[in-house]
Amino acid sequence: MNLLASLVDGLLIGFVYGIAAMGLTLIWGVMNVINLAHGPLIALGMFGVYLITTALGVNPYIALILVALVGLASGVLIYAVAIQRVINAPHLSTLLATFAINMIIIGLGTKVFSTSPYTIDFSLGSISIGPITILGTRLVAALAAVIVTGSLYLFLYRTRPGKYVRAVANNRAAAELMGIPSSRILALSFGIGTLLAATAGGLIATFFPFTILAGGAYELKSFVIGVLGGLGNPLGALAGGLVLGMLEGVIPAFLPNTWVPVLEFLLFVLILLVRPSGLFGAKR
Amino acid sequence: MKRRFAVLISMLMAVGLLAACGTQAPASAPTSAGNAAPGTGAASSKTVTIGFSASLTGASNVESTRQKNGLQLWMDQVNARGGVALADGSKVTFTAKSYDDESNKDRVQELYARLINDDKADFLISPYGSGPTDAAAVIAEQYGKIMITTGAASDSTYSKGYTLVYQMYTPASRYLTGALDALAQAKPDAKKLAVVHENDKFSTDVSNALKSYAEGKGYQIVLFEGYDTSTTDFGPIINKIQQAQPDAILGGGHFQDGTTLSKQLYEKKLSTQFLALLVAPPEPKFAELGAAALGVVGPSQWEPAATYNADAAKSAGIEWYGPTVAEFVKAYKDAYGEEPSYHAAGGYAAGMILGKALEQAGTLDTPKVKATLDGLDLLNFFGHIKFNTSNAHGLQIGHDMVYIQWQRGDGDKPTKQIIWPAAATTAKLTIPLR
């Protein structure tokens, strides 16, 4: 019974990990950029929801929608300012560009918020079934993650810009020859990646305390999940998120909880060695 | 594809390295520009530089800032009175020199060496936290500087043969044992304990000491587990506690993890008789948890409701020194607009004890000040202060903990009550806690 409680907890948080990882893996898949600003963008999502909720007194989920939109816009902006110039340069250049953004956000964020913990005072109560108690906020977060994943899927497969994104991811040169405005599509992709990061952050902020540095842990998890699910594969990211969440829930039932990161990264290395395209296949 | 992944892996490794460097914010500027004139000259007024590092950023930010505020208040007060008089008739005033240690013990040794060598600090106060203090103690001893430690309760620092390090806090080995005594008195049939603690030096020391004390008293430890300092999701640990079905949960670590653990235990509706956590509960800010704070017990080095006074000193046959509890509380409230926590009181008391030692020694000469500190035995608003001078030099042996519990007050607002030791209680222990 207790294992079931751990499993449920793990899966619920796994959905949120999934959308955080989706943001990272989408950007990697479409533009071959490892976004090192992913963690700070998650943290900004947390603070965005916090600021809007406390300043305007609105429901955090309304704040989350605003944060997602601002995330999209700032992603496009970051692309235009920092990434576009180096997109065709070797990997190290884009890596350093996103690392610079990472440092700028952390530096400014530390100045404004310090590194003290913040919490959003919000509760949706909880549901108890036998020994399992599920928090309302976590349930909503998992549902929101499913909705976000579904929307992303529909966007990528059912809309014209979405098809453009996939075309650019598949073969940018060929897509350009077909008249697809690849630069705009890359900007859009970075925007969506940022939107996903900010949304994941906002959801996490409704139940966990956070600091400006809190995104780092989720960024690392996103790397593991990305590799687990196959880099560039959004649905794989969700599945990978669920696997990771489940591991985090279940491992402590058998071992001291400090073993969790050890086993997570062991898995990460194993997947890279044995099945580098991920459990669910990477984009080719 | 293979090559791309090789590139990816090497990049990820680079990222790891960069991130490790990246989280360190640049060192902050010193907070004051006072210059030392350490003391052999017979000038009529001298300025003593007190050096320390504080956690302006990082996990210990809340506690450390209060400690620094307390120390600063003492310094402001003593300087406003014209300073401390020495035997040669000169007066010394104090100035602080401090750096941000980012709650990171790896930064501390460099900062203390800098305080001593570059900033010419005459005396040192410890950083906040047992780990950082242990690191700083090495430097203090190496350069022959007296360091008063506060916000640091580990015992082991004082078993390393240091001769110049003096502890203000009740040591870790006695931190949670009183909570167990309180439990034993209120509920003698509670026998199963779960101990979950932060994986840092201080919390681990406390928990290990608690474990051997509890086992000696016939308690059964059904769960003993550490968690990482940065833990925000206690779900897996709470599930484990639920599985073990303890009568009481003890442990915790510091403010950040302690509040999160309390909140999540409440949200998960875990039923237990007794919950005692380190550091977080006595903080006034803990009450912001609302219903989740109710029933939680915490050890406190000091409380504003503490009853130390001159009469108590007289009947114990020791000296009374410094402001009364009420005077300190009022001065702190006037200066910072909030009630002082024990971290603030510890900061103030550390400065005050140093000042007292200089006054009594009548000189700034380190060996003489050391001899004075060794012989100190006095009561003040913070409690009884006396240092071990034999096998664990500098270890605090006079001071005692008080234990608080958040209980339902007016309008269901959590109200802090002292529930142990018996002589100081303001209310009875509520058990089960909610």
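Which domains does the domain assignment give for chain B? Good morning, everyone. The assignment, which is automatic or taken from a database, gives domain 1 as 45-170 + 306-386 and domain 2 as 174-300 + 401-424.

A word on conventions. Residues are numbered from 1 along each chain as its sequence is written, while chains are lettered from A and ligands numbered from 1 in the order in which they are written. This is a predicted model, in which local features need pLDDT of at least 70, side-chain atom pairs count only at pLDDT 80 or more, and totals for chains, interfaces and linings use all residues.

The C-alpha centres of domain 1 and domain 2 of chain B lie 29 Å apart. Between these domains of chain B, 19 residues of domain 1 are in contact with 19 residues of domain 2; contact means that the C-beta atoms, placed from the backbone, lie within 7 Å. On the domain 1 side, α2 and α4 (130-142) of chain B each supply at least two residues, and α4(B) gives the largest share, 3 residues. Helices (H or I, at least four residues) and strands (E, at least two) are DSSP runs, numbered from the N terminus.

We now turn to the two chains. Their contact involves 38 residues from chain A and 35 residues from chain B. On chain B, the elements giving two or more residues are α1 (2-22), α2 (61-80), β8 (220-227), α7 (235-244) and α8 (255-267). Of these, α1(B) provides the largest share, with 9 residues. Thank you for your attention.

Terms used. Two residues are in contact if their C-beta atoms, placed from the backbone, lie within 7 Å.
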